[in-house]
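Please look over the sequence and the model before reading on.

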Amino acid sequence: MVKILFICHGNICRSAAAEVVLKQMAGEAGRRDLRIASAATTREEIGNDIYPPMKKALTSSGYACIPHAARQTVRADYAAWDYIID
């Protein structure tokens with residue numbers, strides 16, 4: 001299992017979008033060996049869904065947005081994930 005974590009400031013735009021896109025691409029490619037998630041570097045958006053204009057851009061581009069709740073990275077993430085991409 002390869003574990004990939006995307007991070008950005010609030011986890012409601014860039015990292016959340018990257019998670020949606022890579023999850024869909026992995027599913028379409030039949031890649032069941034990937035664990036993909038996203039997180040924030042700050043606390044201000046914790047619990048919030050993907051930013052509405054970003055969600056609109058994703059859905060209009062053919063990506064299915066699953067329910068999302070922004071979360072902040074924790075120290076344990078550095079040991080738990082194989083790749084952390086910001």
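The sections below describe the sheet, the first helix and the salt bridges in turn.

## The model and its sheet

The structure is a predicted model. Three strands form an open sheet in the order S2-S1-S3, and their pairing is parallel. S2 and S3 are the edge strands, each of which pairs on one side only. On average, neighbouring strands of this sheet are turned by 20° against each other, with direction ignored.

Strand S1 covers residues 2–8, and five of its seven residues are buried, so the strand is mostly covered when buried is taken as under 20% relative accessible area. With strand S2 (residues 34–40), S1 pairs in the parallel sense over seven bridges. Valine 2 has leucine 34 as its bridge partner in S2, and lysine 3 stands opposite arginine 35 in S2. Strand S3 (residues 83–85) runs parallel to S1 and is joined to S1 by three bridges. Here isoleucine 4 stands opposite tyrosine 83 of S3.

## Helix H1

Helix H1 comprises residues 14–28. From its first C-alpha to its last, this helix of 15 residues reaches 21 Å, close to the 21 Å expected at 1.5 Å a residue. Together, S1, H1 and S2 make a right-handed β-α-β unit. H1 lies across S1 and S2, and runs at about 170° to S2. After H1 comes glycine 30, which has a positive phi, near 75°.

Which residues of H1 are buried? They are Ser15, Ala16, Ala17, Glu19, Val20 and Ala26. The cover over the buried residues of H1 includes S1, S2 and helix H2 (52–60).

The model contains four salt bridges, counting each side-chain nitrogen of Lys or Arg that lies within 4 Å of a carboxyl oxygen of Asp or Glu. One of them links glutamate 19 with lysine 23, whose closest N and O atoms are 2.8 Å apart. An α-helix has 3.6 residues a turn, so residues three or four places apart point the same way.

The two partners fall into separate accessibility classes. Glutamate 19 has a relative accessibility of 11% and therefore counts as buried. Lysine 23, at 32% relative accessibility, counts as partly exposed.

## Further salt bridges

A salt bridge also joins the side chains of lysine 55 and aspartate 49, with an N to O distance of 2.5 Å. Lysine 55 has 26% relative accessibility and so counts as partly exposed. Aspartate 49 is likewise partly exposed, because its relative accessibility is 32%.

The side chains of aspartate 77 and arginine 71 meet in another salt bridge, at 3.1 Å from N to O. Is aspartate 77 buried or partly exposed? With a relative accessibility of 7%, aspartate 77 counts as buried. Arginine 71, in turn, counts as partly exposed because its relative accessibility is 28%.

Terms used
Residues are numbered from 1 along each chain as its sequence is written. This is a predicted model: local features need pLDDT of at least 70, side-chain atom pairs count only at pLDDT 80 or more; totals for chains, interfaces and linings use all residues. Side-chain values use heavy atoms; hydrogens and water are left out. Helices (H or I, at least four residues) and strands (E, at least two) are DSSP runs, numbered from the N terminus. Buried means under 20% relative accessible area, exposed over 50%, partly exposed in between (1.4 Å probe, protein chains only). Two strands pair if DSSP finds at least two bridges between them. A crossover is right-handed if, with the strands pointing away from the viewer, the path from the first strand over the helix to the second runs clockwise. The expected span of a helix is 1.5 Å times one less than its number of residues. Contact means heavy atoms within 4.5 Å. Axes are lines fitted to C-alpha atoms, for helices over the stretch in contact, and angles run from 0 to 180 degrees between N-to-C directions.
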